[in-house]
Amino acid sequence: MTPFMLRVAEIVGSDLDPDELPAPATRPSIGYAVNEGTDRQIAIRSLTEQLICEANSVLDAADDHLSLEDEVGGAELAFTIHYRGRGARVSTRYLGGAAYGQIVGEGVPSHEPRELVGPEAVPDLIVLLLLESGVARHPHSA
(Lines give C-alpha, C1' and ligand atoms only; values in the text may rest on other atoms or scores of the structure.)
Protein backbone atom coordinates (compact mmCIF):
# COMPACT_ATOMS: atom_id res chain seq x y z
CA MET A 1 0.00 0.00 0.00
CA THR A 2 1.12 3.54 -0.69
CA PRO A 3 1.64 6.07 2.12
CA PHE A 4 -1.62 7.81 1.14
CA MET A 5 -3.55 4.52 1.17
CA LEU A 6 -2.17 3.83 4.66
CA ARG A 7 -3.25 7.32 5.75
CA VAL A 8 -6.80 6.73 4.49
CA ALA A 9 -6.89 3.29 6.11
CA GLU A 10 -5.90 4.86 9.45
CA ILE A 11 -8.77 7.34 9.40
CA VAL A 12 -11.44 4.87 8.32
CA GLY A 13 -13.63 4.47 11.35
CA SER A 14 -11.63 6.87 13.48
CA ASP A 15 -13.24 9.56 15.58
CA LEU A 16 -11.07 12.62 15.18
CA ASP A 17 -11.62 15.79 17.13
CA PRO A 18 -12.67 18.63 14.75
CA ASP A 19 -9.52 20.47 15.83
CA GLU A 20 -7.48 17.59 14.36
CA LEU A 21 -8.89 17.93 10.85
CA PRO A 22 -6.17 18.55 8.28
CA ALA A 23 -6.07 21.93 6.61
CA PRO A 24 -4.86 21.87 3.04
CA ALA A 25 -2.15 24.46 2.50
CA THR A 26 -3.59 27.44 0.65
CA ARG A 27 -2.56 31.00 -0.07
CA PRO A 28 -4.25 34.06 -1.56
CA SER A 29 -4.74 33.62 -5.31
CA ILE A 30 -2.10 35.30 -7.42
CA GLY A 31 -1.73 35.77 -11.17
CA TYR A 32 0.61 33.46 -13.08
CA ALA A 33 1.67 33.40 -16.69
CA VAL A 34 -0.98 31.42 -18.57
CA ASN A 35 1.37 28.48 -19.26
CA GLU A 36 2.51 28.32 -15.62
CA GLY A 37 -1.06 28.48 -14.28
CA THR A 38 -2.13 25.76 -16.70
CA ASP A 39 0.82 23.55 -15.69
CA ARG A 40 -0.11 23.99 -12.00
CA GLN A 41 -3.73 23.04 -12.67
CA ILE A 42 -2.71 19.95 -14.64
CA ALA A 43 -0.23 18.84 -11.95
CA ILE A 44 -2.84 19.26 -9.21
CA ARG A 45 -5.54 17.52 -11.28
CA SER A 46 -3.27 14.59 -12.17
CA LEU A 47 -2.24 13.96 -8.57
CA THR A 48 -5.86 14.30 -7.44
CA GLU A 49 -6.93 11.54 -9.83
CA GLN A 50 -4.16 9.25 -8.59
CA LEU A 51 -4.96 9.86 -4.91
CA ILE A 52 -8.70 9.38 -5.44
CA CYS A 53 -7.96 5.98 -6.99
CA GLU A 54 -5.75 5.10 -4.04
CA ALA A 55 -8.37 6.21 -1.49
CA ASN A 56 -11.15 4.35 -3.30
CA SER A 57 -9.13 1.15 -3.17
CA VAL A 58 -9.21 1.42 0.64
CA LEU A 59 -12.87 2.44 0.98
CA ASP A 60 -15.26 -0.51 1.08
CA ALA A 61 -18.55 0.15 -0.68
CA ALA A 62 -18.88 1.73 -4.12
CA ASP A 63 -21.27 4.32 -2.71
CA ASP A 64 -18.49 5.39 -0.34
CA HIS A 65 -16.12 6.18 -3.19
CA LEU A 66 -14.81 9.59 -4.09
CA SER A 67 -15.50 10.88 -7.58
CA LEU A 68 -13.88 13.44 -9.82
CA GLU A 69 -15.74 15.69 -12.23
CA ASP A 70 -13.93 17.79 -14.82
CA GLU A 71 -15.26 21.08 -16.13
CA VAL A 72 -13.94 22.80 -19.22
CA GLY A 73 -15.50 25.87 -20.70
CA GLY A 74 -15.21 29.54 -21.15
CA ALA A 75 -12.02 30.91 -19.68
CA GLU A 76 -11.58 28.27 -16.99
CA LEU A 77 -10.29 24.77 -16.28
CA ALA A 78 -11.80 23.17 -13.19
CA PHE A 79 -12.52 19.92 -11.42
CA THR A 80 -14.54 18.99 -8.38
CA ILE A 81 -13.85 16.20 -5.92
CA HIS A 82 -17.14 14.76 -4.64
CA TYR A 83 -17.76 12.65 -1.56
CA ARG A 84 -21.11 11.96 0.12
CA GLY A 85 -22.82 15.09 -1.12
CA ARG A 86 -19.91 17.42 -0.42
CA GLY A 87 -17.28 18.72 -2.75
CA ALA A 88 -14.15 20.74 -3.23
CA ARG A 89 -13.67 22.63 -6.49
CA VAL A 90 -10.22 23.51 -7.83
CA SER A 91 -10.05 25.87 -10.78
CA THR A 92 -7.80 28.04 -12.88
CA ARG A 93 -9.39 31.11 -14.48
CA TYR A 94 -7.85 33.00 -17.34
CA LEU A 95 -8.30 36.77 -17.08
CA GLY A 96 -6.39 39.56 -18.75
CA GLY A 97 -3.53 37.38 -19.96
CA ALA A 98 -2.97 35.75 -16.54
CA ALA A 99 -4.09 32.54 -14.83
CA TYR A 100 -5.57 32.58 -11.32
CA GLY A 101 -6.01 29.45 -9.22
CA GLN A 102 -8.88 29.07 -6.80
CA ILE A 103 -10.15 26.47 -4.34
CA VAL A 104 -13.72 26.49 -3.07
CA GLY A 105 -15.09 23.98 -0.58
CA GLU A 106 -16.09 23.31 2.97
CA GLY A 107 -13.23 23.74 5.39
CA VAL A 108 -11.45 26.19 3.08
CA PRO A 109 -11.49 29.89 4.05
CA SER A 110 -13.68 31.85 1.63
CA HIS A 111 -13.28 35.50 2.64
CA GLU A 112 -10.84 36.04 -0.25
CA PRO A 113 -9.96 33.94 -3.33
CA ARG A 114 -7.47 31.25 -2.32
CA GLU A 115 -5.53 28.61 -4.20
CA LEU A 116 -3.77 25.41 -3.19
CA VAL A 117 -0.06 26.02 -2.71
CA GLY A 118 0.56 23.16 -5.13
CA PRO A 119 0.09 19.44 -5.62
CA GLU A 120 1.52 18.75 -2.14
CA ALA A 121 -1.72 20.17 -0.65
CA VAL A 122 -3.96 17.63 -2.40
CA PRO A 123 -3.66 14.77 0.14
CA ASP A 124 -4.86 16.99 3.00
CA LEU A 125 -7.71 18.30 0.83
CA ILE A 126 -8.95 14.78 0.11
CA VAL A 127 -8.58 13.67 3.74
CA LEU A 128 -10.44 16.79 4.91
CA LEU A 129 -13.29 16.01 2.52
CA LEU A 130 -13.43 12.40 3.72
CA LEU A 131 -13.46 13.37 7.39
CA GLU A 132 -15.95 16.20 7.07
CA SER A 133 -18.29 13.93 5.11
CA GLY A 134 -18.18 11.05 7.59
CA VAL A 135 -15.63 8.70 6.08
CA ALA A 136 -16.67 5.11 5.48
CA ARG A 137 -16.59 2.95 8.55
CA HIS A 138 -15.13 -0.23 7.09
CA PRO A 139 -11.89 -0.63 5.17
CA HIS A 140 -11.73 -2.68 2.00
CA SER A 141 -11.11 -6.28 3.01
CA ALA A 142 -9.85 -7.75 -0.26
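How are α1 and α2 oriented to each other, oblique or roughly parallel? They are oblique to each other, as angles under 35 degrees count as roughly parallel, over 145 as roughly antiparallel, 65 to 115 as roughly perpendicular and the rest as oblique. The structure is a predicted model, in which local features need pLDDT of at least 70 and side-chain atom pairs count only at pLDDT 80 or more, while totals for chains, interfaces and linings use all residues. Residues are numbered from 1 along each chain as its sequence is written, and side-chain values use heavy atoms, leaving out hydrogens and water. Helices (H or I, at least four residues) and strands (E, at least two) are DSSP runs numbered from the N terminus.

**Helix α1 against α2**
- The axes of α1 (residues 3-11) and α2 come within 9 Å and cross at roughly 45°; axes are lines fitted to C-alpha atoms, for helices over the stretch in contact, with angles from 0 to 180 degrees between N-to-C directions.
- The crossing of α1 and α2 is right-handed, the near helix being turned clockwise from the far one by less than a right angle.
- In this contact (heavy atoms within 4.5 Å), F4, M5, V8 and A9 of α1 meet L51, E54, A55, S57 and V58 of α2.
- The contact residues comprise 7 nonpolar, 1 polar and 1 charged, where Ala, Val, Leu, Ile, Met, Phe, Trp, Tyr, Cys and Pro count as nonpolar, Asp, Glu, Lys and Arg as charged, and the others, Gly among them, as polar.

**Helix α1 against α3**
- The axes of α1 and α3 (residues 122-132) are 11 Å apart, at an angle of about 20°.
- α1 is therefore roughly parallel to α3, and their crossing is right-handed.
- F4, R7, V8 and I11 of α1 make the contact with P123, D124, I126, V127, L130 and L131 of α3.
- By class, the residues of this contact are 8 nonpolar, no polar and 2 charged.

**Helix α2 against α3**
- The axes of α2 and α3 come within 10 Å and cross at roughly 50°, so α2 is oblique to α3.
- α2 passes α3 in a right-handed crossing.
- From α2, the residues I44, L47, T48, L51 and I52 contact V122, P123 and I126 of α3.
- This contact has 7 nonpolar, 1 polar and no charged residues.

**Cavity**
- The whole structure holds 1 cavity of 30 Å³ or more; a cavity is a set of points, on a 1 Å grid over the protein atoms alone, where a 1.4 Å probe fits but cannot get out.
- The largest cavity has a volume of about 90 Å³, volume being the space filled by probe spheres set on the points, which are joined across faces, edges and corners.
- Its lining (residues with an atom within 4 Å of a point) has 13 residues, of which R40, Q41, I44, T92 and G101 are the closest to the centre.
- Two or more lining residues come from each of α2 (34-58), β5 (86-95), β6 (98-105) and β7 (114-116), and α2 gives the most, with 4 residues.
- The lining of the largest cavity has 5 nonpolar, 6 polar and 2 charged residues.

Methods. On a 1 Å grid over the protein atoms alone, a cavity is a set of points where a 1.4 Å probe fits but cannot get out, and a pocket is an open set with protein on both sides within 12 Å along at least five of seven lines; lining residues have an atom within 4 Å of a point.
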